[in-house]
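Trainee: I would like to learn how to read side chains and helices in a model. Can we take one feature at a time?

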Amino acid sequence: MKFYFLLVGLFLLSQCVREISGQAKSMESVPDLQNSMYRVVDGVPCVRLLNLSGEIGCANPGRDKVVAPVVRYQTGLDLARPSAILVSLDRMGELFDRHDVTVFFRISKDPGLSKNIGGILVESGTGIPNEFKGFSPDRKFPLAEFSPYQSTNYEWNPRGTGILWNTYTFPIFLLTNDSTPIMKKIAKENEKKTEGHTSNVAEFDLVMQTTKYGTHDSESCLKEGTCLPLGGYSVWSSLPPIHISSSKQVKPTILTVASMDSGSLFRDKNLGSESPISGLIALLAAVDSLSRVDALGELSKQLVFAVFTGETWGYLGSRRFLLELDLQSEAVRGLDSKLIEMVIEIGSVGRAFNQGTETFFAHTTGVSSATNATLNALKRAEVSLGSQNISVSLASTSNPGIPPSSSMAFVKKNSSTSGFVLEDFDAAFSNKFYHSHLDDPSNINSSSIVAAASLVARTLYILVNENKNIRSSVLDSISINGSLVDEMLSCLLQCDPGLSCELVKKYITPSATCPVHYVGVVLGEPSSTPYIGYVNDVSRFIWNFLADKSSALEKNSRSTCSQDCSNKGEVCIKAETKGICVTSTTRYVPAYSTRLKYGSGVWTVLPPNSSDPMAKIDPVWTESNWDNIGLRVYEVQEASLDRLILLAGIAATVLAYIAIAIARAFITKALKRD
């Protein structure tokens, strides 16, 4: 009997082997077998983010991978079983339109539909259809809760859908240009197949640690170590350097700011070309221009430039900067908040071209003598650029106030803050793809950025001269290097050359080629002198660029260095390539929630500080940790798969019976011996 079962078991095993080997004749290794069965698909995920009240973003619903057949999205789609929905670029407007009966907005009202969404795959495209009216996953008034005025129903972002702030219990991936045709082919093949035959499925691996361990808000996940705070490193620099130990009288400060981070439904696909990188590039180009002006240090006011990160997530960078000023910390040594006379912000400035003229709008923070002086300087700068067809106007008085910007944090902190925000729009965003993966280089033009930088550079020079008579030849000499702007566009907004461009490699050794303007998470202990490995490529480039340009008119020792410099007031630039010491006041400022404290390797949520008017509304954003993220597709051959499972199951049962029988025989023999 035992011999009979052994023969049957061996026969069934041989059948299993024959089935598998018949499908893998050309395979010579386990990787060959895996590659024949699975195809890894490149895509960018939407991930799980948390705050004090809950979660947003995407994740697998549990601890396991999700497997579902691929189906193409159609209007009025009904799902009979869990499916991976493929969405084409030209249907995105329909899919994400709040007013249409679409997948995303039907989910909250139709539990039957929600439970049958295995995941969503969004196609990439090389061009945006002409009929595409725009797509913004942010709200119609982004970060309205931080507004210094009451009209929070105003629509600065009329195309906003708000889906960025929703919670999805299924994975969502943005496909790459290469993987999009693969998935389109798979979906088309599935349409031709009938039930009971083969089906192409997508396997989503987007398991978040906060899901695995049940930590569904920032406070609990920080305690358990399943998440990290959103944040990074802002940068500020003075032109010329501030000589802290000098006996010279301190000067009033003109602070010019821009942002370096953007938002998107997809974590690592958020170039933010128009919002905010056009403003960042304009600021860097203006600094470059002013760094070539002689005797800048002899003028009556001090120029300071700051580039904030984390602004998308509750103005993390600007709010932390203001707190550090209050604390008079090392990160802002040399600055005094009481000496900041005005704040000028460069916002979205890449789409100002209109009927042959670059048209900008100044959104003022309020009425004051300092603001009036700033506007007068702006007008003088415009006149000096008359031959270049550049126009600037005051924003409409019917607007409720300044648009969403870092300046909101300054005004919320101090309502008497003077200054303006320079934008390429008046009453509503000109950017149709605000905080969307579609805000790419095709959404802006370099001439608009050059024009904005020209306006700002000349305005600043007029202000530090206190609007005194300035020879036209001096203003004419303040010109923007258009080639530098073009180079920064290719470095900061494209993968080719991307961060491997000569300009960036002159200063740092980038960790990646493709630029990413997502804020990221804070690694290790926040510091004004952080471990460079914890600072992202873009922040490091900005720090080195500003330190280099702000030192241009100084008597620098130019001694070589790898980290620190011996002379007071010097910093080591290009330390990752071939470091040299220059005189510069350029510093990193950690950017993270003002309600967080780091100590002994642990993050703690602090109670709201009564001196911080924004503390009570601070969401305290964190990002869930994950073990692995992946997307792959394969074909489920239902008939042959069922047969293999059946054969393997019978064989396993028979072999288990044989093993038990043999074990019993040994036990019986042993007992008889005893």
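Predicted model: local features only at pLDDT ≥ 70, side-chain atom pairs only at ≥ 80, totals over all residues.

Trainee: What is the relative accessibility of Trp621, and how does Trp621 count?

Mentor: The value for Trp621 is 7%, so Trp621 counts as buried too.

Trainee: How many aromatic pairs are there?

Mentor: Ring centres must lie within 6.5 Å to pair. The count comes to 21 aromatic pairs. Take Trp165 and Trp313. Their ring centres are 5.3 Å apart and their planes stand at 65°. Planes over 60 degrees apart count as edge-to-face, so this pair is edge-to-face.

Trainee: Which parts does the pair of Trp165 and Trp313 tie together?

Mentor: Trp165 lies in the loop between strand E7 (117-122) and strand E8 (167-168). Trp313 lies in the loop between strand E14 (302-308) and helix H10 (316-327). The pair therefore ties together parts that are 148 residues apart in sequence. Both Trp165 and Trp313 are buried.

Trainee: How do the rings of Trp313 and Trp621 sit?

Mentor: Their centres are 5.4 Å apart, with the planes at 70°, so that pair is edge-to-face. Trp621 is in the loop between strand E25 (602-605) and strand E26 (622-624), so its pair with Trp313 joins parts 308 residues apart in sequence.

Trainee: Which residues do ring pairs link into a cluster?

Mentor: The cluster holds Tyr154, Trp156, Phe425, Phe429 and Tyr434. Arg320 lies over the face of Tyr592, 3.9 Å from the ring centre.

Trainee: What should helix H13 span?

Mentor: Count the residues. Helix H13 (residues 446-464) has 19 residues, which should span 27 Å at 1.5 Å a residue. Its end C-alpha atoms are 27 Å apart, which agrees.

Trainee: How many residues of H13 are buried?

Mentor: Of its 19 residues, 17 are buried, so H13 is mostly covered. After H13 comes Glu466, with a positive phi near 55°.

Trainee: Where is Arg159 found?

Mentor: Arg159 is in the loop between E7 and E8. At 32% relative accessibility, Arg159 counts as partly exposed.

Trainee: Which residues is Arg159 in contact with, leaving aside its neighbours within four places in sequence?

Mentor: They are Lys133, Gly134, Ser136, Lys140, Phe429 and Lys432. Look at Ser136. Arg159 and Ser136 are 23 residues apart along the chain, with their C-alpha atoms separated by 5.8 Å. Phe429 is also one of the residues in the ring cluster.

Technical notes:
Residues numbered from 1 in each chain as written. Heavy atoms only, no water. Phe/Tyr/Trp six-rings, centres within 6.5 Å; stacked < 30°, edge-to-face > 60°. Helix = DSSP H or I, 4+ residues; strand = E, 2+ residues; numbered from the N terminus. Buried < 20%, exposed > 50% of the residue type's maximum accessible area, 1.4 Å probe, protein only. Lys NZ or Arg CZ within 6 Å of the ring centre and 35° of its normal. Expected span 1.5 Å × (residues − 1). Contact = heavy atoms within 4.5 Å.
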